[in-house]
Amino acid sequence: MSAWIELTAAEAVAKLRAREVGARELFEAYRERAAADDLNAYTWVADGAPDPIPGPDTRLAGLPLAVKDLFCTIGIPSQAGSKILKGYRPPYTATVVDKLLTAGATLLGKTNQDEFAMGSSTENSAFGPVLNPWDRRRVPGGSSGGSAAAVAAGIAPWAIGTDTGGSIRQPAALCGIVGLKPTYGACSRYGMIAFASSLDQAGPLTRDVTDAALLLSHMVGHDPRDSTSIAMPEPITVPTAEDLNGIRLGIPEELLGGGAEDGTGIEPGVRASFEAALKLAEGLGATVDTCRLPHAPHALSAYYLIAPAEASANLARYDGVRFGLRVAGDADLETMYGRTRGEGFGPEVKRRIMLGTYALSSGYYDAYYGAAQKVRTKIAEDFAAVFSEFHFVVTPTSPWTAFELGAKTDDPLAMYLNDFCTVPMPLAGIPAISIPSGLSDGLPVGFQLAGPAFSENRLLDAAYALERAIGFDAREARSA
Amino acid sequence: MSAYEPVIGLEIHVQLKTRTKMFCGCELSFGDPPNIHTCPVCLGLPGALPVTNARAVEFALRIGLALGSEVAPRSLFHRKNYFYPDSPKGYQISQYDVPICLGGELGGVRIHRVHLEEDAAKLVHVGQSGRIHGSDRSVVDYNRCGTPLVEIVTEPDLGSAEQAHEFLTLLRVTLRQLGVSDVNMDEGSLRCDANVSIRRAGSDTLGTKTELKNMNSFRFLERGVRAEIERQTELLGAGGVVLQETLHYDPVSGRLTSLRSKEEAHDYRYFPEPDLMPLVVTEEMLAAARAAVPELPAARALRFEHELGVNAGRARELVFRSELADYFEAALAADGEAGPVEVSNWIPQLVERIGSDADPATSRVAPAALAALAGLVASKRVSRDAGRDVLTMLVAEGGDPATIVEREGLGTLDDGDELAAAVDRALAADPDAAEKVRTGNMKAIGALIGRVMRETKGRADGAEVTRLIRKRLQS
């Protein structure tokens with residue numbers, strides 16, 4: 001059976017559809033591995049295969065799927081990594097999950113995450129941190145750390161996560177897999193437990209680019225239940241490009257160089273891997289040049305006002321009245337609110353609720369939230385200008401490789417700098433993909449490509465061509 | 001004259017009678033068992049998202065068009081943040097600085113704005129106090145939660161409690177005519193808050209205002225506003241100052257109690273609702289709304305007055321209850337002999353007989369029958385008094401007035417001999433009165449006419465009787 005598990009998801013789907021392996025058999029093989037998970041990647045694993053299980057005639061032929069905890073799944077714990085939702089079983093299923101199940105995916109398990117997707121290391125989970133399969137003393141990145149670790153460790157064929165400021169791409173980078181954040185609106189957010197509504201997007205975390213395209217192709221589409229969702233202008237197709245002829249790649253100076261003095265500098269090993277990948281891209285016919293995103297250095301500041309502001313409202317519903325944790329005793333209403341939220345939320349969530357509440361307060365709105373929205377507009381304009389000359393913007397996904405557990409937990413600002421290169425894209429609503437570019441000191445490095453809104457197919461094609469040239473395989477690399 | 005003049009503005013909340021809620025597919029209801037019309041969206045469950053009800057938008061547009069507002073081609077929903085169990089998301093989705101409609105006017109009162117929002121859930125406090133403090137426990141019914149609301153805010157153009165009452169009456173009938181709401185204050189589908197301040201008569205600066213909540217009937221609105229005007233007048237008269245605060249009017253005690261002062265005012269931390277796109281109003285949407293706006297009461301009253309000659313008071317009486325105006329127009333359409341003014345004069349008679357709250361369309365009196373009756377009286381084939389008796393019979397049994405007149409023998413005595421004989425008998429029976437009239441004291445003629453009318457059971461035409469008496473006494 002382990003031979004089947006070595007397959008990529010797309011290969012496994014092909015075998016399932018060709019009836020070379022049974023869906024139940026494959027599900028059980030993954031289920032056993034997931035149940036024995038010692039990375040703490042899962043917060044819930046299915047008891048058994050669904051009955052009936054989708055047949056070989058369905059598009060995904062019953063292939064198991066790992067789903068980030070914050071996607072609502074009917075009757076199955078959906079806790080968003082938070083104590084306040086411990087044991088919460090929603091009465092409905094998120095649209096994206098529903099679409100995948102309808103396409104023939106089977107729900108293998110729910111994956112661990114930073115509480116309400118707030119974090120870059122998965123250390124903010126109420127259910128304990130996730131370990132990086134490359135080095136168990138290190139974090140897998142976050143917030144979709146459980147999904148990334150599960151795919152990298154081969155205890156899930158593929159997974160879905162969510163990205164708000166880098167929560168798919170950064171853990172994908174730190175775990176040596178592929179992660180794609182689609183254009184804002186490409187995937188429905190209905191049933192995704194919200195962090196920051198104007199930024200949150202679902203996306204795939206997979207072993208390779210082909211898997212990402214296949215998984216994404218079943219996730220996208222307008223959903224009448226999400227007014228911010230929009231139909232893709234064309235279906236997502238499996239990438240086939242073999243070269244990058246005529247493709248112009250822009251390296252934003254502001255993201256690569258300028259931040260070094262204030263601690264945002266790119267690690268040398270990461271820089272070397274990034275530059276090696278650029279050489280390969282040039283070898284495939286791409287031209288590489290620097291470009292300017294003049295407002296990008298302010299992206300992180302804008303992000304840490306807008307996202308917490310939205311979160312402060314999105315998290316108001318966790319009040320102990322209708323679902324989830326309630327800590328009441330004989331208390332009156334306000335005391336019950338205070339106790340429930342005081343005990344239910346972790347420190348990072350509380351920090352962001354405070355930040356967001358402050359940023360929206362009367363008298364401060366214009367200076368904080370209002371100003372951040374202006375920066376956001378400027379960043380979108382910067383990208384639009386760059387895309388008039390370049391096909392894609394490229395950066396290292398994360399300034400550094402996986403860091404040790406606890407290394408940044410005492411310094412929230414250092415933790416926030418993880419997102420330095422990934423935050424501008426969601427602010428502009430544009431898609432971006434992270435693919436492994438190799439190793440630095442034995443740890444994976446991520447290479448990020450970002451394109452204009454709805455350029456997913458072109459982005460996947462470019463990433464596919466580059467992936468082949470890089471020739472990185474997470475499992476081979478680790479077993480070597 | 002008081003040295004102060006009141007300045008009043010109203011904030012009116014109107015529950016729209018769409019089929020489903022503002023942001024989800026749950027049905028609207030009233031009085032159903034609790035929490036049966038709920039879903040993840042209106043319960044504010046994790047991951048749920050709002051989707052704007054297109055029908056509610058259309059209704060808001062109808063209201064805006066009816067009030068002559070300027071419709072915003074692109075308006076925004078905001079989140080209004082506050083913690084309370086009636087607000088499952090911890091915020092209300094409402095419109096803030098860019099509402100769907102701005103400006104307008106109704107009955108001489110300027111409209112400030114019209115915006116869309118969602119209603120809160122209903123809290124029931126179990127225990128003695130009936131309020132949240134001191135109750136044993138509180139339970140929440142989310143059936144109402146998410147009901148579409150339109151908030152209409154007037155400019156401070158009202159000068160008295162009576163004017164406030166009259167404006168609200170006109171607004172209610174206008175909204176009813178638009179078909180957008182049940183506008184029932186008892187059931188909460190029409191709710192009114194008032195901003196009240198006073199200033200020295202003739203001054204053009206506004207005084208400090210207070211906001212009066214919970215005036216859930218027309219009577220309470222008028223009483224509450226009057227009480228607040230008195231309170232402020234006494235306060236200023238005694239050299240005090242009015243504090244900006246929110247007041248609760250208790251209709252039982254007539255007392256106003258402070259809910260919160262300016263210092264305690266909420267910071268709602270409004271920001272644009274990121275789960276919704278800006279609300280874009282297209283030409284098609286406007287055209288659909290425009291087509292659904294019927295003739296409105298204010299315009300209808302003017303038409304009755306100017307085109308049909310009905311006096312202003314009667315016209316307003318008819319249009320303030322559009323079912324009366326509808327009945328009136330149905331009667332006119334029946335093409336009787338009576339003119340509009342004559343027909344209109346019969347409506348209050350009918351209302352008096354069927355009960356002041358009843359819709360005449362559901363009575364036994366068909367509009368054509370009322371028109372026919374008005375025609376019989378106008379052409380003097382039935383006297384006015386007899387006509388009233390016929391109407392009473394029509395209300396009881398329905399049918400055709402001419403048939404009733406025939407059956408009951410209520411036709412005017414147009415047989416000159418019979419009437420002349422009755423006049424002679426009256427003169428003979430009261431020679432004193434006859435003598436007075438003969439010698440020019442016309443006051444005495446009433447007694448003689450009365451006799452004739454009694455004897456003929458009201459069938460005689462009063463004018464004809466008068467003419468006959470005079471003729472007989474002059475000769």
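Reader: Why is B:K380 called partly exposed, rather than buried or exposed?

Author: In this predicted model, B:K380 has 14 other C-beta atoms within 10 Å. A residue is buried at 20 or more such atoms and exposed at 12 or fewer, so B:K380, with its 14, is partly exposed.

Reader: Where in chain B is B:K380 found, and what is its phi?

Author: B:K380 is found in the loop between helix 9 (367-378) and helix 10 (384-397) of chain B, and its phi is positive, about 65 degrees, although B:K380 is not a glycine. Most residues other than glycine have a negative phi.

Reader: How do you know whether A:A80 counts as buried or exposed?

Author: The count for A:A80 is 33 C-beta neighbours inside 10 Å, and the cut-off for a buried residue is 20 or more, therefore A:A80 counts as buried. A:A80 also has a positive phi, of about 50 degrees, without being a glycine, and the loop that holds A:A80 runs between strand 2 and helix 4 (95-102) of chain A.

Reader: What makes the peptide bond that joins A:D51 and A:P52 cis?

Author: The omega of the bond between A:D51 and A:P52 is about 0 degrees, and the bond is cis. A:P52 is found in the loop between strand 1 (42-45) and strand 2 (64-68) of chain A. Most peptide bonds are trans.

Reader: What is omega for the peptide bond from A:G142 to A:S143, and where does A:S143 lie?

Author: Omega is near 10 degrees for the bond from A:G142 to A:S143, which is cis, while A:S143 lies in the loop between strand 3 (106-111) and helix 5 (145-152) of chain A.

Terms used: Residues numbered from 1 in each chain as written. Chains lettered and ligands numbered in written order. Predicted model: local features only at pLDDT ≥ 70, side-chain atom pairs only at ≥ 80, totals over all residues. Helix = DSSP H or I, 4+ residues; strand = E, 2+ residues; numbered from the N terminus.
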